[in-house]
Each structure stands twice: as structure tokens, then as C-alpha cells.
Amino acid sequence: MNVKLIGFTPNPERLPSMAAKLTHSKIKPEDLDKSSEKELQAILEHVINLGHTSVIEHTCFTFAISDVSRSLTHQLVRHRIASYAQQSQRYVDLKEPNYVTPPTIAKNRDMKKAYDETMKNIWNEYNKLLELGIPAEDSRFILPNATCTNIIVTMNARSLLNFFELRCCLHAQWEIRDLANKMLKELKKVAPTIFKKAGPSCKSKGFCSENKKDCPMYPK
Ligand SMILES: Cc1cc2nc3c(=O)[nH]c(=O)nc-3n(C[C@H](O)[C@H](O)[C@H](O)COP(=O)(O)OP(=O)(O)OC[C@H]3O[C@@H](n4cnc5c(N)ncnc54)[C@H](O)[C@@H]3O)c2cc1C
């Protein structure tokens, strides 16, 4: 899996702080930029702590994500407050086997062998269908959830906080959890105040929305 932050709103923390200041100020929005860094930083911390996170919708982040499974992207695109562009299985040549192997299978030599053989057979059949003139949009029906794909996603900061609550959680599936943790690591570098407490709800809110008491992270 490769995860790269390829773009974000300039002044990702200053901008939402200005928006927050606007709500309680007579200053015209075009003049808010003159506010000091210290003041804006304090305002941002205050609104984040209050949970008044609508202002951070003004800041967006774009990630390039490659070599993940279709199983992962199917879960990712359920997050509706986002924009996506995904590699097409209709227009892109997928003739070479390219798939994700779950660690539970990779660690067992016999299982891994059987898994790789199954994938090889699937791709052989896929290529046969293409050679018989079946269009790629139909041949792809036999490709597995494990098939590698590439996707670009843009989310605003508020939506990302929701994404991390759900997907950094130990109850989230391992591959999307891995993605969420990698995205969060990148975001902490460029927007440390917004994402200071980001993570599963046990970390961000101090309670477990899954209410699964067997979890090692379950809040005391
Ligand atoms: C551990 C786990 C297991 C899951 N298992 C399943 C499963 O078995 N089956 C399944 O189908 N899904 C499953 N999901 C997906 C889950 O139900 C959500 O679809 C997904 O996590 C997206 O979350 P979201 O709706 O909060 O995000 P977004 O779509 O980004 O929405 C963000 C927030 O905006 C608001 N919102 C967005 N759209 C609407 C709307 N139409 N009406 C009202 N409010 C809205 C909500 O407050 C929402 O939380 C699972 C998710 C997790 C984390």
C-alpha cells in the first residue's frame, strides 16, 4: 500500500480559524487575515475542543492511494462526504495478476501457495475471456476482491475526523485501518491542531462507540 498526501488547502489551519473568528467578530472577512498567528491558533484549539467542527470543513486534503485491494476501496467509498477518482477496470489493461494477500494467508506457506495458484487461475481465465472478445467490463466480473487498484480521495477535515473515528478503530478491517493510520500520520505533519486528538472514538471522545468491552483500547 502506498499513501501520499498530494494536495491540501493552503493555510490549512489558519483558514478555518479565520472562519471561526468571523462568527464572533465585526471584522469583515477579507480583513481577518491580519489576525495574529497566536490568536488564530487559540481560536482553532478552542472550537476543536468544543466540537464545533463545521469550520474545519473549509480545509480539504487529497491523498493518492495505490496498490490497495478493491475490498478496501469498496469500504472507503462508503464515506460519502468525499470525492473520488478510481482506476477503471473497463479502460485499464489488467492482464497481469496484481492482488493483495492478507497477512493471515501470507504467514502460512501452504495457504499462500494455494492462494497464489487460485489467483493465477483466475487471471488465466480472465485473459481467456478477453481473448475470446468479451469486453473488459464483463471479463472483470471474475476478478477477486483482492485485485489491486489505485484511487485518489479528497476529504474535508471534518469528514476525515469521522473517517478516523470509524476506521482507526481496532474493529475496522485491517487493510482500511492501515490506510487510515497512514493518512492520519501524514495529516498530523501539516495540520497538527486539527488532528491532535484524531483517531478511534475511544481516543478522540473518550468512549467506545462499538461498546466492545473485550477491546484492549476500551476506555477505563
Ligand atoms: C467497523 C465497521 C463495520 C461496518 N460494517 C458494515 C456492514 O456490515 N455493512 C454496511 O453496509 N456498512 C458497514 N460499514 C459502513 C458504515 O455503515 C458506513 O457506511 C461507513 O463507515 C461510512 O460512514 P459515514 O456514513 O459516517 O460516513 P459519510 O458517508 O462520510 O458520512 C459522514 C456523516 O455525514 C452524515 N451523513 C452522510 N450522509 C447522510 C445521509 N444521507 N443522511 C443523514 N446523515 C448523513 C452522517 O452523520 C455521517 O456519519 C461498516 C463500517 C465500520 C467502521
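The crossing of α7 and α8 is left-handed. This is a predicted model. Helix α7 spans residues 157–167 and helix α8 residues 174–190; their axes come within 9 Å and cross at roughly 140°. Angles over 145 degrees would count as roughly antiparallel. The two helices are therefore oblique to each other.

**Contact of α7 with α8**
- From α7, the residues in contact are L160, F163, F164 and R167.
- From α8, the contact takes in I176, R177, L179, A180, M183, L184 and L187.
- By class, nine residues of this contact are nonpolar, two are charged and none is polar.

**Ligand surroundings**
- The residues around the ligand include R78, H79, R80 and I81.
- N162, L166, R167 and H171 are also among the residues around the ligand.
- A side-chain N or O atom of R78 lies 2.7 Å from a ligand oxygen atom.
- I81 uses its backbone: an N or O atom there is 3.2 Å from an oxygen atom of the ligand.
- R167, a residue of the α7 contact with α8, has a polar side-chain atom 3.2 Å from a ligand oxygen atom.

**Contact of α1 with α2**
- Helix α1 covers residues 14–23 and helix α2 residues 37–50.
- Their axes come within 8 Å and cross at roughly 80°.
- Angles of 65 to 115 degrees count as roughly perpendicular, so α1 and α2 are roughly perpendicular to each other.
- α1 contributes R14, P16, S17, M18, A20 and K21 to the contact.
- α2 contributes E37, E39, L40, I43, L44 and V47.
- By class, the contact of α1 with α2 has seven nonpolar residues, one polar and four charged.

Notes
Residues numbered from 1 in each chain as written. Predicted model: local features only at pLDDT ≥ 70, side-chain atom pairs only at ≥ 80, totals over all residues. Heavy atoms only, no water. Axes fitted to C-alpha atoms, helices over the stretch in contact; angles between N-to-C directions. Helix = DSSP H or I, 4+ residues; strand = E, 2+ residues; numbered from the N terminus. Parallel < 35°, antiparallel > 145°, perpendicular 65-115°, else oblique. Left-handed = near helix turned anticlockwise from the far one by under 90°. Contact = heavy atoms within 4.5 Å. Nonpolar A, V, L, I, M, F, W, Y, C, P; charged D, E, K, R; others polar. Near = heavy atom within 4 Å. Polar contact = N/O pair within 3.5 Å; in protein donor to acceptor, adjacent residues only side chain to side chain.
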